[in-house]
Amino acid sequence: MIEDLWYKNAVIYCLSVGSFMDANGDGIGDFEGLERRLDYLLGLGVTAIWLHPFQPSPGRDHGYDVADYYGVDPRYGTLGDFVAFTHAAKQRGMRVLIDLVVNHTSDQHPWFKAARSDPNARTRDWYVWSKTKPANAHEGVVFPGVQKSTWTYDKEAKAWYFHRFYDFQPDLNTANPHVQAEILKIMGFWIQLGVSGFRMDAVPFVIAEKGPEVSGEPREQFELLRLFREFLQWRQGDAIILAEANILPRQDLDYFGEDADRMHMMFNFQVNQALFYALASADARPLVKALQKTWNRPPSAQWAIFLRNHDELDLGRLTEKQRQTVFQAFGPDPDMQLYDRGIRRRLAPMLGGDRRRIELAYSLMFTLPGTPVLRYGDEIGMGDDLSLPERDCARTPMQWSHEPQGGFTLSDHPESPPIHEGPYAYSHVNAAAQRCAPESLLNWMERIIRMRKEVPEIGWGDFTALETGDPGILALRYDWRNTAVLCLHNLAGEPKEITFATGLDGDGRNLIDLLTGQRSLANDDGCHCVLLEGYGYRWYRVGGLDYLLRRSEI
């Protein structure tokens, strides 16, 4: 059972092939370069690698405008290079997840080219058309200020086509059985080439009802999620789907399925946004509420916990006051913000490069309920280049060393140059230098990942929020298989002395800090008194050595 649910205690690392490592010197990352860096990821403690789109594409939206679902963009290598990479990852015990972008295609995809050129084409109904401009053409815009409409007139087709995102990304008609069959075929193809699952892009839009007659909130086709899940279970029993679905907590079970028959995993956007508010305000209470609201799920389902990703930090679920608090703390300059709802920065500069706060943020990520997802470069504290447009500022190449172009490429003219100026330049922030420094962020991250993998209670167990008497302290206890772990985090910059009870009799009197080995013994009232430094954190094993004895008896 545990092997089948490998994702419950995984450590996922996401990256863009084109930005990670260039092996042939053309200035663009490739699969051969990625394969060379697998031992780096293995040493870091990564158990699964999530790849951003790498299929052939015009590249107008970082590959999310797919032009061929069954190939590899020549810039990144060949299908053979991809298979060599997945095989090498498997040899090291690492799984590979890839982006599945099936809400839309590129307008250069042969399917759309055929559909727009002939009303009787086989793929005409694979897209969503209207003879006249729909009355709701200006509703549901995803990129305000950049995108003006969700319907565009095509002169060749002499009709309007629907696009939830950019106008060069026409939406697929996912209600069409032929489109559904093609999606399953795409999944099966990559499973055969060594993939262990998919991060499905824009899931709420994939399953939404589409058409010119749809107005207001579209109905969802949840049976599609069950179709995808059943196909994977048939083709490869332990393959998974990690859903990108920024939804309200009341919808969680619709996506997981009450019988755990839909999505295996989902990103917890609700907790992510509450986490950044907690970091900005030193108030853990809204974060605890977000955790409790999103905890009602089937045992085999799992949340993906993250700090930053390839998109902006979306703050749309916060109240206006909370959002402004986060903006003021982490993105006060309008140039740091995006679409009036998010922040387009990497984590380290958002936190002012403060090592204490960076450690606190990642300690939180690794100890919140779910599976941690780490973004490439964040393990060394990479920065951003705000001179680049929109989200490109946080998508610069990996900084491997102080050598020219950060060791990313031998080319003098990389397609996207690494950061070469300022405190986050590759001359200051790079993996090679941090590898040699025992107290570097990279080596700290390796230790914290190793410890996270040794406390499966966080991935598998139930959690309880403990009362500490201080809203700036987050205290979570995890229980699983007669064992318990307790994690404390001080969200404030000043030291705090707290008194708390573990809520467990007997074993709860003895705590051992997993990170330092120090002990805490309860007083006569059964309470512990702990001094937490500013932005401090503790990971405690409840019961100490008795835990090991019980585990040996299970």
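**Notes on the predicted model**

1. Arg435 is partly exposed, with a relative accessible area of 36%. On this scale, buried means under 20% relative accessible area, exposed over 50%, and partly exposed in between (1.4 Å probe, protein chains only). The partner of Arg435 is Glu446: their side chains form a salt bridge with an N to O distance of 2.3 Å. Glu446 sits in helix α15 and Arg435 in helix α14, so the pair ties together parts that are 11 residues apart in sequence. Glu446, at a relative accessible area of 14%, is buried. Helices (H or I, at least four residues) and strands (E, at least two) are DSSP runs, numbered from the N terminus.

2. On the basis of the note: this is a predicted model, in which local features need pLDDT of at least 70 and side-chain atom pairs count only at pLDDT 80 or more, while totals for chains, interfaces and linings use all residues. Residues are numbered from 1 along each chain as its sequence is written, and side-chain values use heavy atoms, with hydrogens and water left out.

3. How many salt bridges does the rule count? The count comes to 30, a salt bridge being a side-chain nitrogen of Lys or Arg within 4 Å of a carboxyl oxygen of Asp or Glu. One is between Glu32 and Arg36, with the closest N and O atoms 3.0 Å apart. Both residues belong to helix α1 (residues 31-36) and are 4 residues apart, about one turn of the helix. Glu32 is partly exposed at 40% relative accessible area, whereas Arg36 is exposed at 51%.

4. Arg199 and Asp201 form another salt bridge, their closest N and O atoms being 2.9 Å apart. Both Arg199 and Asp201 are buried. Elsewhere, a network of salt bridges links Asp311, Glu312, Arg341, Arg391 and Arg395.

5. The protein is divided into domain 1 (6-95 + 198-205 + 219-230 + 240-452), domain 2 (110-162) and domain 3 (461-549). These bounds come from an automatic or database domain assignment. The C-alpha centres of domain 1 and domain 3 are 29 Å apart. Their contact takes 26 residues from domain 1 and 23 residues from domain 3, contact meaning heavy atoms within 4.5 Å.

6. What is the area buried between domain 1 and domain 3? The value is about 2000 Å², and carbon and sulfur atoms give 74% of that area. Buried area here is the accessible area (1.4 Å probe) that two parts lose on being put together, summed over both.

7. On the side of domain 1 that touches domain 3, the elements giving two or more residues are α9 (269-281), α10 (285-293), α13 (355-367) and α15 (441-453). The largest share of that side, 8 residues, comes from α13.

8. Ile448 is in helix α15 and is buried, with a relative accessible area of 2%. Leaving aside residues up to four places away in sequence, Ile448 touches Phe366, Leu515 and Trp539. Its C-alpha atom is separated by 15 Å from that of Gln434, 14 residues apart along the chain.

9. Gln270 is placed in helix α9. Is this residue buried or exposed? Gln270 counts as buried, at 17% relative accessibility. Not counting residues up to four places away in sequence, Gln270 touches Ile247, Pro249, Ala290, Thr294 and Arg317.

10. The largest nonpolar core has 134 residues, and Tyr13 and Leu51 have the most contacts inside it. Another core, apart from it, has 19 residues, including Ala48, Ile240, Phe269 and Trp480. A nonpolar core is a set of buried Ala, Val, Leu, Ile, Met, Phe, Trp, Tyr and Cys residues joined through side-chain atoms within 4.5 Å.

11. Lys158 has a positive phi of about 55° although it is not a glycine. Lys158 is in the loop between β5 (151-154) and β6 (159-162) and counts as exposed, at 62% relative accessibility. Gln405, also not a glycine, has a positive phi of about 60°. Gln405 lies in the loop between β14 (371-375) and α14 (431-435) and is buried, with a relative accessible area of 17%.
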